[in-house]
Amino acid sequence: MDKKIINVKELTAAYGDNVIIDNISFDVVKGEKFVILGGSGCGKSTLLKHMIGLYRPAHGSILIEGDNIAKAEGQDRIEILKNIGVAYQSGALFGSMTVLENVMLPLEQYTNLSKESIDLIARMKLNLVGLTGSEEKSPSELSGGMIKRAALARAMALDPDILFLDEPSAGLDPITSAELDQLINQLAKSLGVTFVIVTHELNSIYNIADRVIMLDKDTKGIIATGDPEYLRDNSEIPIVQKFFKRQTDDQLDR
Amino acid sequence: MTKPHSTTSPPSLQTITEDNSTLKLKIKGALNTYTTSKIWTDSLTAIKTSKPSQLIVDGSEIDYCDTAGIAFFTNLQIRQEQLGGNFKVEGLSDEINKLYKLFNAEQLKEPDDSDSIHSENKIEAAGRWGYQAWEEIQVNIIFTGRVTVALIKAMLRPDKIRWKDVLITCEKFGANALFIIALVNFLVGLVIAFQSAVPMKQYGAQIFVADLLVIAYFKELGPLMTAFVVNGRSGSAFAAELGTMKVNEELDALDTMGLDPVPFLVVPKVIASVLMLPLLTVFGNLFGLLGGLVVMFSLGFTLETYLNQLTIAATYGMLISGLFKTLFFAVIIAGVGCLAGMRAAKGPSAVGDAATRAVVVGIVLMIVVDGIFGVIYYILGI
C-alpha cells in the first residue's frame, strides 16, 4: 500500500464564529502531486495555512509524517517544519536579502555546514529551478516567474519531504505558468518530493495533479476527490462539472 | 434611445387615479441621473398620500432611461410591496425593457438587520472597551517578555546576533539622523534660551540662561527631544518595514521556517537603537547648547562667560542621568515600532496605521517613563 505522508482527520477551520472548513478528512500519499482546488472563497488557502501550522484548527488533527502539526509547540513544531517547505503565493522573499541569501537562510539556521557548503547547496537549488545567474539579484529585480522559482528554491533548501505551494501560477502568463508546471513535474520525478498545491488554474491542474480534492464553499467540505480528468468526464455533481468545464449554469444546461 | 444632454428638462409626471385602489403614474421624457430626482420625490409622495393597492407606471412616453431610471422603478416596486400592494411597469420600449430586466428588485432590497445591534448601551460599550484594553495590555506584556528573553539569549550568544542588520540599522537610525537631530535641538535650544532671557532680564539675571539651558538640556530636553525625533523617524520606519513584511507574507514565511521574528528582526533593531540613541543625545545636547550660545551672543555675553556658566552649572550626574534614560527610550522606540508593524492588518492603509501607532504609542510611553525617572531621581536626589 502507498505510504500516507499527510493525514488530515476531522478538520474544522474557523475564523472566530465563521466556519470556513467543516469536518474534512483526507490523506496525501508519499510522492504524489496532490492538488487542493475549488472556487474563490471555498477555503483552499485556509486549509493550506492550517496544514503548514500557521493557524490552529478549531477541531481535528493534521499529521505530517505521524506528527500532529496542529498541536505541536516549541522544538517539536520546529522539527516538523524542517521537513516541509512552503512557497507562498506572493513569493514572500525577504527584500533585504539577495536571492542566494534567501535560499541560504534555512541552511544557516538549521545546519552546521560551513558557509562555503551552504553557498554551494543554495546555488544548486537555484540551478534546479533555472535561476543560475540571478543569485546576487534582490527580489525587487526579479520577474513574477523568477520570484516563484526563487521561492520554490528556498522552500527546497533543507530538502524537505513535502513541498506546499500556494497558487504557484497566480499572476503568471500562460507560458511562464506552463514552464513552472513542468518544473514542478521534474522536481517531483527527480527528488521524489510530495507536493501539496493549492490552485484553481485548470491547465496547471491537468498538467500537474496526480489526485485532487475539491472544496465547496456552500457545504464547507470536500465535494469531489480523484483524478482530475476522470472528474471532468464522469462527475455528476453540477458544481464539479461547472468547475472543470469552466462553464456557468446556463452553459451547462445547454 | 439617444442619451439626452445633461441640461435636458426633467420628465413630466401625471398621476391618474383610476379607481379607489389603483394609481397610475404617466411619465413623459428622459429618466437619467440628472433628471430623475424630482419625479422620484413626487412619485413617492403620491404613493404615500393615496396608498394604492395597485401602482402602475406608464412608461410609453419615456424616450430615454438609464440605471437611475431603473433604480427609480425598483424603488417604487420595493415601497409598494412594503405597503402590501402590487406594482407594474407597462409600455416601456424594448430597449428600456431589456435594461429593466437586468435587475431583480428582490436582490436589491436592503438586508433585514433587525437582529443586529444598532447601538450598544454605555455599559456594554465600556465593557467592550475594557476587554479590548486588557487584550492590548496582554499583547504588550507578552511581547516585552519575548524581547527580554531574546535579548538575554543574544547577550549570552553574541555570535548568533545578526550583526550585519545591527550595523545597517545603526547607519539608518544614527548616522542618517544627525542633521535633523542637530537642527531640531539647535532651534529648541535657541527658543528656550530666548524665552527664558526675556523674564530674566527684569532681574538682571540673563547670565543664568546658560545655567537653565544646560540643566534643562542634560536632564530632560536633550534626551526627550532627540528621542521624539528619532521615534518619528526610525520608530515609524521599523513599523513600516515590519508591516510591509506582514502584508507580503514574509513574517508567515519566517514562521513556517520555524524562525521566531523577535530574535531575527526585533533584536538587531533594539541593539542598534540602544547603541545609537545615547550618542545622538550627546550630539543633540551639543547643538542645543549652541542654540543657547547664539542667544547669549545677542545679549552681549562672551563665549568664555557662557562656557564658564555651563561648567559651573553642569555636573556629570546630570549628563549621565539624562543619558541613562535614553537606554529605555531606545528600547521603547524599537520595541513599539516593531510590535506595531508585526500587528499590522491587511489592506492599503495597514502599514500607514502601523507607523502612526508606533509614533503615538512611543511618544506616550516615553513621557510616562520620563515621569517615572523624574520621581526616582527626585527621591535619589539626583
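**Entry 1: salt bridges**

I began with a term: a salt bridge is a side-chain nitrogen of Lys or Arg within 4 Å of a carboxyl oxygen of Asp or Glu. The model I am reading is a predicted one. I looked up A:Glu101 and B:Lys164, whose side chains meet in a salt bridge at 3.4 Å, N to O. This pair counts because 3.4 Å falls within the 4 Å cut-off. Side chains of opposite charge can pair when their charged atoms come close.

I then asked how many salt bridges the rule finds across the interface of chain B and chain A. I noted three. Over all chains the count comes to 25.

I also looked up a pair inside chain A. The side chains of A:Lys82 and A:Glu79 form a salt bridge at 3.3 Å, N to O. Both residues lie in helix α2 of chain A. They are three residues apart, which I wrote down as about one turn of the helix.

**Entry 2: the interface of chain B and chain A**

I looked up the contacts next. On one side I found 16 residues of chain B, in contact with 21 residues of chain A. The size of an interface is often given as the accessible area lost when the parts come together. Here chain B and chain A bury about 1500 Å² between them. Carbon and sulfur atoms account for 55% of that area.

Which residues of chain B lose the most area to chain A? I listed B:Glu249, B:Thr256 and B:Met257, together 38% of what that side buries.

For polar contacts across this interface, I noted nine residue pairs, both residues at pLDDT 80 or more. Helix α9 of chain B, residues 250–256, gives the most to the side of chain B that touches chain A, with six residues. Sorted by class, that side has six nonpolar, three polar and seven charged residues.

**Entry 3: cavities**

I found two cavities of 30 Å³ or more in the structure. The largest cavity holds about 140 Å³ of space. It is lined by 16 residues, and the closest to its centre are A:Ile84, A:Gly85, A:Arg154, A:Ala155 and B:Met257. The elements that give two or more residues to this lining are α2, β6, α3 and α5 of chain A together with α9 of chain B. I marked β6(A) as giving the most, with three residues. By class, I wrote down 12 nonpolar, two polar and two charged residues for this lining.

I turned to the second largest cavity, where about 60 Å³ of space lies. Its lining is A:Ala87, A:Tyr88, A:Lys148, A:Leu152, A:Leu165, A:Asp166, A:Pro168 and A:Leu180. In this lining, α5 and β7 of chain A are the elements that give two or more residues. The classes here are six nonpolar, no polar and two charged.

Last, I looked up the second largest pocket, with a volume of about 880 Å³. Which residues of its lining are the closest to its centre? I recorded A:Leu54, B:Arg146, B:Asp255, B:Pro261 and B:Met342, out of 26 lining residues. At least two residues of the lining come from each of α2 of chain A and α5, α9 and α12 of chain B. I sorted the lining by class into 11 nonpolar, four polar and 11 charged residues.

Notes: Residues numbered from 1 in each chain as written. Chains lettered and ligands numbered in written order. Predicted model: local features only at pLDDT ≥ 70, side-chain atom pairs only at ≥ 80, totals over all residues. Heavy atoms only, no water. Contact = heavy atoms within 4.5 Å. Buried area = accessible area lost by both parts, 1.4 Å probe. Polar contact = N/O pair within 3.5 Å; in protein donor to acceptor, adjacent residues only side chain to side chain. Helix = DSSP H or I, 4+ residues; strand = E, 2+ residues; numbered from the N terminus. Nonpolar A, V, L, I, M, F, W, Y, C, P; charged D, E, K, R; others polar. 1 Å grid on protein atoms, 1.4 Å probe; cavity = no way out; pocket = protein on both sides within 12 Å on 5 of 7 lines; lining within 4 Å. Points joined across faces, edges and corners; volume = space filled by probe spheres on them.
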